[in-house]
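Please look over the model below before reading on. The notes follow the strands and then the helices.

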Amino acid sequence: MIAYIQGTLEEKKTDSIIVETGGIGYEILTSAYVLERLPELHEDVKIVTYMDVKEDSMKLYGFLSSQEKTLFKQLLSVSGVGPKGALSILNQLGPDNLVAAIISRDSKSISKANGVGSKTAQKVVLELRDKVSTEGSIFDMSDYPDVTNAGGSDAVSEAVEALKELGYSGAEAMKMVRKIKGVGDMSVEDIIRNALRMNY
């Protein structure tokens, strides 16, 4: 298994890149999200990879972080989603927006991905919602301090954890949640939706 490839970025295409290391050029399939964040050609790059091995082919898929790769693998665990579909979903939303869509049960946004129907999008939400919104699942929470339960609400605590998974610090997440009026009576999804809306 190739965990990552570090080398020189030699080529960018619409859906793949070529990274050269040790005199070998590796073609790596990737999303627009990754392509937009890569350095210029002939600069050093490190790509986290997932190898898909079949009887008649071997393909490498590339990501910017291990969390993104883990999210890709979680998508593959959903029945009816293969590597092409998983990459298409990430291409459409990017990892952060995908997590937000899953947590808020927004299957409509997921279904906009090329080749992904509404039923498959609903499966993604149903099968991954708990895995992306609870501690110890696709994003490692061990680097974050424990969040104080605001107002004694489990929904608030879960929403704060979810916002942290989206890249906000614990302090930022708590500040966002505390600005919401009537937060104690809201569901996790409503808290997240309101917090994100207020932040834009």
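1. This is a predicted model. The strands E4 (residues 44–54) and E5 (residues 57–63) run antiparallel and are joined by seven bridges.

2. These two strands belong to a closed barrel of five strands. The order is E1-E2-E3-E5-E4, and the pairing is mixed. From one strand to the next, the twist averages 55°.

3. Two helices pack on the sheet. H2 touches E4 and E5, and its direction makes about 20° with that of E4. H3 touches strand E3 (24–29) as well as E4 and E5, and its direction makes about 20° with that of E5.

4. How do the axes of H2 and H3 cross? Helix H2 covers residues 66–76 and helix H3 covers residues 83–103; their axes come within 10 Å and cross at roughly 130°. Angles over 145 degrees would count as roughly antiparallel, and 65 to 115 as roughly perpendicular; H2 and H3 are therefore oblique to each other. Their crossing is right-handed.

5. Which residues make this contact? On the H2 side they are Glu68, Leu71, Phe72, Leu75 and Leu76. On the H3 side they are Pro83, Ala86, Leu87, Ile89, Leu90, Pro95, Leu98 and Val99. By kind, the residues of the contact of H2 with H3 divide into 12 nonpolar, one charged and no polar.

Definitions and conventions:
Residues are numbered from 1 along each chain as its sequence is written. This is a predicted model: local features need pLDDT of at least 70, side-chain atom pairs count only at pLDDT 80 or more; totals for chains, interfaces and linings use all residues. Side-chain values use heavy atoms; hydrogens and water are left out. Axes are lines fitted to C-alpha atoms, for helices over the stretch in contact, and angles run from 0 to 180 degrees between N-to-C directions. Helices (H or I, at least four residues) and strands (E, at least two) are DSSP runs, numbered from the N terminus. Angles under 35 degrees count as roughly parallel, over 145 as roughly antiparallel, 65 to 115 as roughly perpendicular and the rest as oblique. A crossing is left-handed if the near helix is turned anticlockwise from the far one by less than a right angle, and right-handed if clockwise. Contact means heavy atoms within 4.5 Å. Ala, Val, Leu, Ile, Met, Phe, Trp, Tyr, Cys and Pro count as nonpolar, Asp, Glu, Lys and Arg as charged, and the others, Gly among them, as polar. Two strands pair if DSSP finds at least two bridges between them.
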